[in-house]
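Visitor: I have a chain to look through and would like to talk it over. Can you put it up?
Guide: Here it is.

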Amino acid sequence: MSKNSGHEKAPSVAALEASGNVNQLRKNVEMNDSTTAANVIQLQPQGYGGPVAVVDGERVNLDLENNREFIELLFAEDAPSIDSLIALRNKLWDAGLSPSMVLFANMVEWSVLVGIKLRDEHNAYDSISDYLGAQVLGGPSQPDLLVGGLIPVEVKIGAFNASALRQLQRYMAKYKSDTGIAVGRELLVQLPPSVRFIKIAFSDESRQYEVLASEEGGVK
């Protein structure tokens, strides 16, 4: 899979839209059965913003008969999942079509990059905030969230261990709070009665973190 090297960094689809160039791209891949792409383009992931159109480097002829449904995904609001891309590829193969494997590979890479970003700890904060009614902080020397301006919340997307507990207790002392909330995928330390544990996990189906259970074992 070729990367941008020795060339000006290609713009994201959002940047193309802002510049109006995406309208030309849409025109070049006009959706009708008798038209092939007027330009020969390559689509690559650019950071986490999605694929970009590249007119130099490796060139891939994206004829619409074989690639229409993949191209349409580029204009969807969210990046497709890997499972949906594989299912679409297999569907096209079953229909006797030959989608571009370079396009498919780049879109899989895009999906992987987005998936990595979605699993970032900071992307768990909104779900936890909704569940607790907490304020998101997460700055230097701050707890990740704060409930009622008083109760600190420390989040670990993996295991909540002894080191994480000590960090939470420092925040409890700072805010003079008798209560703290520990959040993680699993608990590896004995918590004092003053600390509540909330279990979270990333859902591949919803592509976001979800609260699974509280210390009382109640499933949400």
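Visitor: Which helices each supply at least two residues of the nonpolar patch?
Guide: Helices α4 and α5 do. The patch is made by Ile-82, Ile-86, Val-112 and Ile-116 and has an area of about 280 Å². Patches are built from residues with over 30% relative accessible area and no salt bridge, joining like charges within 9 Å and nonpolar side chains (Val, Leu, Ile, Met, Phe, Trp, Tyr) within 5 Å. Helices (H or I, at least four residues) and strands (E, at least two) are DSSP runs, numbered from the N terminus.

Visitor: What kind of model is this, and how are residues numbered?
Guide: It is a predicted model, where local features need pLDDT of at least 70 and side-chain atom pairs count only at pLDDT 80 or more, while totals for chains, interfaces and linings use all residues. Residues are numbered from 1 along each chain as its sequence is written, and side-chain values use heavy atoms, with hydrogens and water left out.

Visitor: Which residues of α3 are buried?
Guide: In α3, residues 64–73, they are Leu-64, Asn-66, Asn-67, Phe-70 and Ile-71. These residues sit on the same side of α3, because they cover an arc of only 140° around the axis. The arc is that of the directions from the helix axis to the C-beta atoms.

Visitor: Why would residues three or four places apart point the same way?
Guide: An α-helix has 3.6 residues a turn, so residues at that spacing point the same way.

Visitor: And what do the buried residues of α3 pack against?
Guide: They pack against α4 (82–94) and α5 (101–118). Contact here means heavy atoms within 4.5 Å.

Visitor: Which loops does the Arg-119 and Asp-204 pair link?
Guide: Those two side chains meet in a salt bridge at 2.5 Å, N to O. Arg-119 is in the loop between α5 and α6 (125–132), and Asp-204 is in the loop between β7 (195–203) and β8 (208–213), 85 residues apart. Arg-119 is partly exposed at 35%, while Asp-204 is exposed at 58%.

Visitor: What about Glu-154, buried or exposed?
Guide: Buried, at 2% relative accessible area. Glu-154 forms a salt bridge with Lys-156 at 3.3 Å, N to O, and Lys-156 is partly exposed at 23%.

Visitor: Now α6. What covers its buried residues?
Guide: The cover includes β3 (134–136), β4 (145–147), β5 (151–160), β6 (180–187), β7 and β8. The buried residues are Tyr-125, Ser-127, Ile-128, Ser-129 and Leu-132. Just after α6, Gly-133 takes a positive phi of about 65°.

Visitor: Which residues other than glycine have a positive phi?
Guide: Ser-141 is one of them, with phi near 60°, and Lys-176 is another, with phi near 55°. Ser-141 is in the loop between β3 and β4 and is exposed at 59%. Lys-176 is in the loop between α7 (162–174) and β6 and is exposed at 73%.

Visitor: Last one. How many helices and strands are there?
Guide: Seven helices and eight strands. Of the 220 residues in the chain, 39% are buried.

Conventions. Buried means under 20% relative accessible area, exposed over 50%, partly exposed in between (1.4 Å probe, protein chains only). Accessible areas come from the Shrake-Rupley method with a 1.4 Å probe; for residues, only the protein chains shown count as cover. A salt bridge is a side-chain nitrogen of Lys or Arg within 4 Å of a carboxyl oxygen of Asp or Glu.
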